[in-house]
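Please keep the sequence and the structure side by side while reading.

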Amino acid sequence: MRPQCLQGWTPEAWPVAEGWRAAVDEFFASAEGERLGRFMRERLAAGAVIYPPHPLRALELTPLSSVHAVVLGQDPYHGPGQAEGLAFSVAAGVKHPPSLRNIFKELGEAPQSGSLVGWARSGVLLLNACLTVEDGQPASHARKGWESLTDRLLGLVAATASPCVYLLWGAHAQAKAGLVREHAAQYAREVLVLETNHPSPLSARRPPVPFLGSGCFKQAREWLAERGVTGVFG
């Protein structure tokens with residue numbers, strides 16, 4: 001059985017797909033990466049239960065060269081057995097969280113499994129801004145260093161992936177729109193940035209841009225198809 005929580009701090013051993021390794025290694029060798037490592041080792045030594053078991057799984061399943069869409073989350077689910085290293089995704093057999101149910105509702109599908117591994121393998125980078133969290137404590141690892149890595153990764157995607165759609169749901173994700181547009185413009189990449197409210201039940205139907213009824217998946221698919229990219233989002 002696969003472990004449900006992080007077993008140790010060994011980022012050099014975590015597999016990543018083609019295109020990511022240099023950025024990942026550079027981060028973990030930096031002062032911020034070392035600071036994050038000290039924090040993580042201290043929390044593990046103190047007996048903290050940390051999710052997910054594979055923090056870089058989004059980079060393992062989606063090579064940089066295959067990215068044609070990015071969904072940016074905030075931090076992993078903090079319940080036992082939920083987080084599987086992909087933003088908004090839960091392991092097969094786990095009850096769908098409310099935000100994920102709204103994602104499927106907007107998509108017009110009702111799959112039995114809440115795992116988005118299929119999306120990851122179709123070119124959707126499911127990246128959280130913070131890549132670990134402690135059991136029952138949302139945002140417990142925010143501002144510990146992960147954001148520096150994920151901003152680097154987001155900038156790398158924006159400078160490389162073309163055409164690429166960015167689905168930025170809620171204020172936290174939308175704060176990255178400038179970074180995406182700046183890098184894409186610098187490297188002449190073709191991008192579509194779609195901004196809506198977060199799919200959480202607290203905001204999914206509220207103005208200014210309700211998530212439900214936004215047509216964000218339809219827009220993304222049509223825009224990509226016009227540029228010869230199909231099969232994204234399953």
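Are helix 4 and helix 9 parallel or oblique to each other? The model is a predicted one, and in it helix 4 (residues 98-107) packs with helix 9 (residues 216-226) at an angle of about 55°, the axes being 8 Å apart. Angles under 35 degrees count as roughly parallel and those of 65 to 115 as roughly perpendicular, and helix 4 and helix 9 are therefore oblique to each other. On the side of helix 4 the contact is made by Ile103, Glu106 and Leu107, and on the side of helix 9 by Cys216, Phe217 and Arg221.

A domain annotation comes from the record: UniProt, in an unreviewed entry, lists residues 60-224 as "domain: Uracil-DNA glycosylase-like".

In soluble globular proteins, nonpolar side chains tend to be buried together. Here the largest nonpolar core has 78 residues, and Trp20, Phe28, Leu56, Trp146, Val157, Tyr166 and Phe233 are those with the most contacts inside it. For tyrosine 166, once neighbours within four places in sequence are left aside, the residues in contact are Val70, Leu154, Val157, Ala158, Val180, Val191, Leu192, Val193 and Leu194.

| Residue | Relative accessible area | State |
|---|---|---|
| Serine 99 | 12% | buried |
| Lysine 176 | 17% | buried |

Buried means under 20% relative accessible area, so serine 99, at 12%, is buried, and lysine 176, at 17%, counts as buried too. Serine 99 lies in helix 4, and, neighbours within four places in sequence aside, serine 99 is in contact with Phe88, His198, Pro199, Ser200 and Pro201. Lysine 176 has its place in the loop between helix 7 (171-174) and helix 8 (177-186); with neighbours within four places in sequence again left aside, lysine 176 is in contact with Leu72, Asp151 and Leu154.

Which residue does the UniProt annotation "active site" cover? In the unreviewed entry that annotation covers Asp75, and aspartate 75 is found in the loop between strand 2 (69-73) and helix 4. Beyond its neighbours within four places in sequence, aspartate 75 is in contact with Asn128, Cys130, Val133, Pro138, Ala139 and Ser140.

Key
Residues are numbered from 1 along each chain as its sequence is written. This is a predicted model: local features need pLDDT of at least 70, side-chain atom pairs count only at pLDDT 80 or more; totals for chains, interfaces and linings use all residues. Side-chain values use heavy atoms; hydrogens and water are left out. A nonpolar core is a set of buried Ala, Val, Leu, Ile, Met, Phe, Trp, Tyr and Cys residues joined through side-chain atoms within 4.5 Å. Buried means under 20% relative accessible area, exposed over 50%, partly exposed in between (1.4 Å probe, protein chains only). Contact means heavy atoms within 4.5 Å. UniProt positions are given in the numbering used here, feature names are shortened, and annotations may be inferred rather than shown by experiment. Axes are lines fitted to C-alpha atoms, for helices over the stretch in contact, and angles run from 0 to 180 degrees between N-to-C directions. Helices (H or I, at least four residues) and strands (E, at least two) are DSSP runs, numbered from the N terminus. Angles under 35 degrees count as roughly parallel, over 145 as roughly antiparallel, 65 to 115 as roughly perpendicular and the rest as oblique.
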